[in-house]
Amino acid sequence: MKATARAHPIQGLVKYHGMRDPELRLPYHDSISVCTAPSATTTTVEFQPDAAEDTYVLDGETVDGRGAERIRTVIDEVRRRADRDAPARVESENNFQSNVGLGSSASGFAALAMAATRAAGLDLSHPEVSTIARRGSASAARAVTGAFSHLYAGLNDEDCRSERIETDLEDDLRIVAGLVPSYKETDQAHAEAADSHMFQARLAHIHEQIQTARDALRAGDFDRTFELAEHDSLSLAATTMTGPAGWVYWQPRTIAVFNAVRELRDEGVPVYFSTDTGASVYVNTTAEHVDAVEAAVADCGVDTRVWEVGGPARVLDDESLF
């Protein structure tokens, strides 16, 4: 009744925006992402029949409020499927900075779902676990299946689940993360998405974007894949900025990284920027060019990390957090 799992955060490529059902976190449309490693969340879950109540700890701090509600949603679904009612002890650690737009909720809920299902004795496939992780964060579904993954939209767990996309791009991709700290509230952005006058336009073109991305990945076409991710970042931001709150999350250093990327591309370097809901920037390039790209991003006055493609969430044998 105890298990530990590790999962990697995601970079959205064709990103989802808005939720058709905020309780089950069912998105309006499909999405595609890539996991980033060695950044990771490690989570241990133990079901304790003698405990009085659930306890949730993240990076040494007790989780309460909305964060605890989201964790409980995942744990309750595991208990329902396993026909158990024992309280759960959950402890989790990130090895990277969270709440700066780098997908920590994705890795967090993916690791939670993987550890909790194993601790409860459930024998589920990665796509099946992805439906449980999705209840905490829709992006977590893709972090469960890992690498390049596609989350299908749907109105139930049979349809709304994640599957991995096989591609030759996994080995050569390098991701330079430019860290731009800035407060963000992803749930607010998703809640307001459908109220933007740009949202219907986004829905109208997203299906073609998904298919184009899948075709580019299968063909191993780096430029087409990440050119699309760059444009999708702009589309996502346009929808967010034209919502009721007019929420702008980019910062001056975010724009500086965009400009540096475009200057490098003008010089013939294969490089593209991408952002999720936050001010930090993913800069996608190849192993051959990563040193030059990292130097250019660092010159914008931001801290950098260099990441590769991360695999699926996995259970660990000997790394329990308690």
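Trainee: How many salt bridges does the count come to in this predicted model?

Mentor: The model is predicted. A pair counts when a side-chain nitrogen of Lys or Arg lies within 4 Å of a carboxyl oxygen of Asp or Glu. By this rule, the number of salt bridges comes to 20.

Trainee: How many residues apart are Arg6 and Glu319, which link distant parts of the chain?

Mentor: The side chains of Arg6 and Glu319 form a salt bridge, at 2.7 Å from N to O. Arg6 belongs to strand β1 (residues 2-7), while Glu319 is in the segment after β16 (314-316). Their separation is 313 residues.

Trainee: Is Asp157 buried or exposed?

Mentor: Asp157 meets Arg81 in a salt bridge of 3.2 Å, N to O. Asp157 lies in the loop between β10 (148-151) and β11 (162-164) and Arg81 in helix α1 (residues 65-82), so this pair ties together parts 76 residues apart in sequence. Buried means under 20% relative accessible area. Because the relative accessibility of Asp157 is 14%, this residue counts as buried.

Trainee: Where is Glu288 of the negative surface patch placed?

Mentor: Glu288 forms this patch together with Asp168, Asp171 and Asp172. Glu288 is exposed, with a relative accessible area of 69%. Its place is the loop between β14 (281-286) and α9 (290-298).

How values were computed
Residues numbered from 1 in each chain as written. Predicted model: local features only at pLDDT ≥ 70, side-chain atom pairs only at ≥ 80, totals over all residues. Heavy atoms only, no water. Patch = residues over 30% accessible without salt bridge, like charges linked within 9 Å, V, L, I, M, F, W, Y side chains within 5 Å. Areas by Shrake-Rupley, 256 points an atom, 1.4 Å probe, with all protein chains shown as cover. Lys, Arg positive; Asp, Glu negative; His and termini not counted. Charge placed at Lys NZ, Arg CZ, Asp CG, Glu CD. Helix = DSSP H or I, 4+ residues; strand = E, 2+ residues; numbered from the N terminus. Buried < 20%, exposed > 50% of the residue type's maximum accessible area, 1.4 Å probe, protein only.
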